[in-house]
Amino acid sequence: MRILLTGSNGQVGTEFRKLGQNAAEIISTGSRELDLTREEEIRRFVRDAKPNVIVNAAAFSDVDAAERNWDACFALNAMAPVVLAEEAHRLDALLIHYSTDQVFDGSKSEPYTEKDRTSPLNVYGASKAAGEQGIASSFAPALILRLSWIYSAQGDNFLRSILRLAKHSTELQIANDQAGAPTSARSIARATERLIRMYANSRKTQFPTGIYHLTAAGATTWHGFALALLDATFQQRKPIVLPISTTEHSSFARRPKNSLLSCQKFLTTFGFQLPSWQQQLEEVLAEITVQSAVETVPAPSTSSIATRPD
Ligand SMILES: NC(=O)c1ccc[n+]([C@@H]2O[C@H](COP(=O)([O-])OP(=O)(O)OC[C@H]3O[C@@H](n4cnc5c(N)ncnc54)[C@H](OP(=O)(O)O)[C@@H]3O)[C@@H](O)[C@H]2O)c1
C-alpha cells in the first residue's frame, strides 16, 4: 500500500506518520511539501505520487480564526478534499478524510447519527460540511470519518493548555454546558491504520465507503474532562475547577452544545470501536509530563477555557 498523507505535522497526521513508519510506504506531506490551497499543485502531486490510499489529515482547524478567514477555510476544508477525491477517483485509490461534529448545530438531545441533517453554526462547520458534500458528489471511493474533541500529547490542544494553566493558577473556569467525547489523535491514527489494512485485504468494490462517526466511547463536558485530567495528574496541589457556561467565555465562533456522535454504524460495519475517553486520557497522560507541557505550550491570555482548537 502506497499512502499519501496530508497534514503530517498536525495532531492526527503526526500520530499516523509515527504509527505507519515501519509498515506501509507513506508519503508524508505538510503545508510546505504540498499546499492544499493550490488546486493544480494538488493534482500534479497526486498524479506523480500515485497512491493507493490518500489520508487527508490537513484542515483549517482554528474554529475562531475561520470566522474571519472564510476564503482560506473553504479552500482547505471544502475545495482541497474535493480535488483529492477527484484525483483518488482517477487513480482508483481510497480517500480517507476527516470531518467534524461541528457539521451539526448541537440542538439534538441524543448523540447524532449519520442520518441526521447537517446544520453548522460556524464557518468552520460549514466548510467541513461543504467538503463532505463535494466528496460525495465526486463518486470517489471515500471514507469520511467525523471526529470530535481531538487532543494529543503534542501540539496546541485543550489538554496541554489545562496542564500548563494548572501549574500557575489556583482557579480555572471551564465550560460545563457542551457535551462531547474527548478523543486522542493516536486512537484515530490506529483506527485509520486498521481500516487501511481491512481495505487492503478486501475487494475494493465491496469495501464499505461512506460517512461514519468515530469518537471515544462515553461522554463528558470540558469541565468533566479537565477535572479528570487534573485528578490523574496532580496528587496534592491542584487548582479549583469552576463550571461556567459557554456564554461566559469570550470565544468568537458559536459551538454546538451537543457534540456527541453515535458510533454504532462504524461498530456494526467494521466490528470495532474506540476505547472510552477515560482510557484514552490515561494513555496520553502516561506519555506526557506536566513539565514538558509547561515548557512548550505558548501562554494563552486567559484562564477561562470553554472550547478547543476544533
Ligand atoms: N482538532 C479537533 O478537535 C478536531 C475535531 C473534529 C475533527 N477534526 C478534524 O480532524 C482532522 C485532523 O485534525 P487535527 O486536529 O489533527 O488538525 P491540526 O493539528 O490542526 O493539523 C492540521 C494540519 O493542516 C495543515 N495545513 C494547514 N494549512 C495547510 C495548507 N495550506 N496546505 C497543506 N496543509 C495545511 C497543517 O500543516 P503544517 O503544520 O505543515 O502547516 C497542520 O499540521 C481535520 O480534518 C479536522 O478538521 C479535528
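I start with a definition: buried means under 20% relative accessible area, exposed over 50%, and partly exposed in between (1.4 Å probe, protein chains only). I am working on a predicted model, where local features need pLDDT of at least 70, side-chain atom pairs count only at pLDDT 80 or more, and totals for chains, interfaces and linings use all residues. Residues are numbered from 1 along each chain as its sequence is written, and side-chain values use heavy atoms, with hydrogens and water left out.

Entry: the count. I took a salt bridge as a side-chain nitrogen of Lys or Arg within 4 Å of a carboxyl oxygen of Asp or Glu. That rule gives 17 salt bridges.

Entry: Lys108. I found its salt bridge with Asp116, with the closest N and O atoms 2.6 Å apart. Lys108 has 27% relative accessibility, so I note it as partly exposed. Asp116, at 22%, is also partly exposed.

Entry: a network. Shared partners join Glu39, Arg43, Arg47, Glu86 and Glu87 into one network of salt bridges.

Entry: Glu86 and Arg43. Their closest N and O atoms are 2.7 Å apart in a salt bridge. Glu86 sits in helix H4 (residues 70-91) and Arg43 in helix H2 (residues 39-49), 43 residues apart. I took helices (H or I, at least four residues) and strands (E, at least two) as DSSP runs, numbered from the N terminus. Is Arg43 buried or exposed? Arg43 is buried, at 14% relative accessibility. Glu86 is partly exposed, at 34%.

Entry: Asp64 and Arg255. I looked up their salt bridge, 2.8 Å from N to O. Asp64 lies in helix H3 (residues 63-66) and Arg255 in the loop between strand E12 (240-244) and helix H9 (264-270), so the pair ties together parts 191 residues apart in sequence. Arg255 is buried at 8% relative accessibility.
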